[in-house]
Amino acid sequence: MINEEIADIFEKMSRVLAFKGANRFRALAYERAARSLRDLEEDLPEMAREGKLEDIPGIGKDLAGKIQEYIKTKRIRQCDQERRDVPEGLIALMDIPGLGPKTLSLLHEKYQIRDLDDLRRALDTGKLEKLRGFGKKKIDNIQRGINLWLARHQRMPLGIALPLAEKLLDDLNGIKQVERADIAGSLRRRRETIGDIDLLVISTDSPRALREFTKLPSVKQVIGLGDTRATVIIEGGIQVDVRSVARESYGAALQYFTGSKQHNIHLRTLAQKKGLKLNEYGVFRGEKRLGGAREDEVYRLVGVPVMPPELREDHGEIEAAMEGRLPKLVDLPDLRGDLHMHTNYSDGRATIAEMVEGAAALGYDYIALTDHSPSARIANGLDRKRLEAKIEELERVRKQRGERRPRILLGVEVDILADGRLDYPDEIIARCDVVVAAVHSSFRQSRDRMTKRLLDAIANPYVHILAHPLTRLMGSRDAVEFDFERIVEAAVEAGVALEVNAQPLRLDLTDAMARAAQEAGAVLAINTDAHSVAQLELIRYGVSQARRGWIEARSVVNSWPWTKFSRWLGQRRKRKSKAA
Ligand SMILES: [Zn+2]
Ligand SMILES: [Zn+2]
């Protein structure tokens, strides 16, 4: 880790020096040193102890001294001083393609541009065009560079990153010199958004394998290529790091690069207490290597049972593992049905029969077709007449399919209106087997009003599931505000399930909220909200979100066998008749 930290400082130094117009060779020396530190296999502190720093390519007496200083004091004074008069926001921008340090220095001087906001404003107002040497082509280049840079520095949704990474993994496995390849990083932990894609490989000929990798058609730009590491930009401006690791270190590297950082710090502390050293190369006692080829072995040596990557956030999983109370996380095969999807009766693309076929292919035992209610006009919500037509067609499909699974349930996604009433009268929703209620309008109500609105919906005895409770859309709509604890309490009391919506831009509830809901005794439903047959496969994102929330199958209504599930559906209605 310290290697990376020092490499970062050196890299920044090279930019700062170039920005200041210092001797070109000084800037280049720092850049070269940074690159060779990143490729380094050994730990810098260890090499410093052995007096071997100057053996590293590009590290002379001066830089060796700076490395020593950082190891001792966690800073390098000369570098701090040099950086002082360069705006931090500009240092970050120096790797925008088409915008090197010299151009930035000029823009800083002429227009006091200090960060990305300033730069974009200058571009928008046409200021830059007035500068000498800033023709249309150069300005277009800068604009494109900014877009690329932004894409790279904004986190992308899991649902975009994972398929890209899986494709890369396939391609990597197709390279002759690659024996094994895995996804690491936050992507392996299935965080809802991802920064870079981290991949690890074992290779018979690492330089060759990495070279082949950089030639893949999806690679748009090669940022760095060494013997053990390649960094590239793929389509969409996403950065991908591939590290080649020795077989005996592979498990340790996979553990290390999966993270999270906090999880690793906790694990390393436990290792130290046992007199062990844990790093990305293995588990060591003194000089002796105890293991590191397999990830579970790494955990075992530290005295912690291995746990699924989704849990590794240092949110109590290490303690739970040591005390033998890790959750039995819900998994894809546990799901027996999908209770939220749309057909072409509302805003879905597929017919009832097509959605049913799609669900059959996934092996589901039951599904609910939940088209929108009338007030969802943009979503083509169903009035009474069209609902009757849908019921008729559903009956026809049921007859045609006979005993074949899945069971087809008549469902509805009924709007929770701004005042808390539902968008269908009770006599209509009473005819539906599965009632999913959701907010689709008036998102900016006060916390109190929104809480009351959701409580009203939960209190309706026909409602089974509160869908996408936060109604957020990542990147475009913030979550609505409500008193989550009260909603959970009411849902537990009423036996209403809270949804974990699998749409990649929703992932709603969040992992932490799902966990809190389960702890409070709530049941959950993991649904796709599919609007096409293909979207039925999004279910895995709902499952990974639930797993990050420590969710067990016992809490997930659509993992229950039909008898238990249908009893749950009927339960609320019974309450209603008792009350009446
Ligand atoms: Zn909805
Ligand atoms: Zn929906």
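1. Basis. Because the model is predicted, local features need pLDDT of at least 70 and side-chain atom pairs count only at pLDDT 80 or more, while totals for chains, interfaces and linings use all residues. Residues are numbered from 1 along each chain as its sequence is written, chains are lettered from A and ligands numbered from 1 in the order in which they are written, and side-chain values use heavy atoms, with hydrogens and water left out.

2. Domains. The chain is assigned domain 1 (2–153), domain 2 (156–244), domain 3 (259–322) and domain 4 (332–579). These bounds come from an automatic or database domain assignment.

3. Domain 2 against domain 4. Taken over C-alpha atoms, the centres of domain 2 and domain 4 are 36 Å apart. Eleven residues from domain 2 and ten residues from domain 4 make the contact (heavy atoms within 4.5 Å). About 860 Å² is buried between domain 2 and domain 4, and carbon and sulfur atoms give 57% of that area. Buried area here is the accessible area (1.4 Å probe) that two parts lose on being put together, summed over both.

4. The rule finds two salt bridges between domain 2 and domain 4; a salt bridge is a side-chain nitrogen of Lys or Arg within 4 Å of a carboxyl oxygen of Asp or Glu. R540 forms a salt bridge with E166, with 2.8 Å between the closest N and O atoms. Four residue pairs are in polar contact between domain 2 and domain 4, both residues at pLDDT 80 or more. A polar contact is a pair of N or O atoms within 3.5 Å; within protein, one must be able to donate a hydrogen and the other to accept it, and residues adjacent in sequence count only if both atoms are side-chain atoms.

5. The domain 2 side. Helix α10 (residues 158–173) supplies the largest share of the side of domain 2 that touches domain 4, namely five residues. Helices (H or I, at least four residues) and strands (E, at least two) are DSSP runs, numbered from the N terminus.

6. Zinc site. E413 coordinates both the zinc ion (ligand 1) and the zinc ion (ligand 2), which are 3.4 Å apart. E413 is in strand β13 (residues 407–415) and H468 is in the loop between β15 (465–466) and α21 (484–494), so this pair, 55 residues apart, links distant parts of the chain.

7. Salt bridges overall. The whole structure holds 46 salt bridges. In one of them R15 pairs with E11, the closest N and O atoms being 3.0 Å apart. Both R15 and E11 lie in helix α1 (residues 2–19), four residues apart, about one turn of the helix.

8. Backbone. G259 and S260 are joined by a cis peptide bond, with omega about 0 degrees; S260 is in the loop between α13 (250–258) and α14 (261–273). A cis peptide bond also joins D508 and L509, with omega about 15 degrees. L507 is not a glycine, yet has a positive phi of about 35 degrees; its place is in the loop between β16 and α22.

Note on methods: Donors are N, O and S atoms within 2.8 Å of the metal (3.2 Å for Na, K and Ca); water is not among the atoms, so sites may look incomplete.
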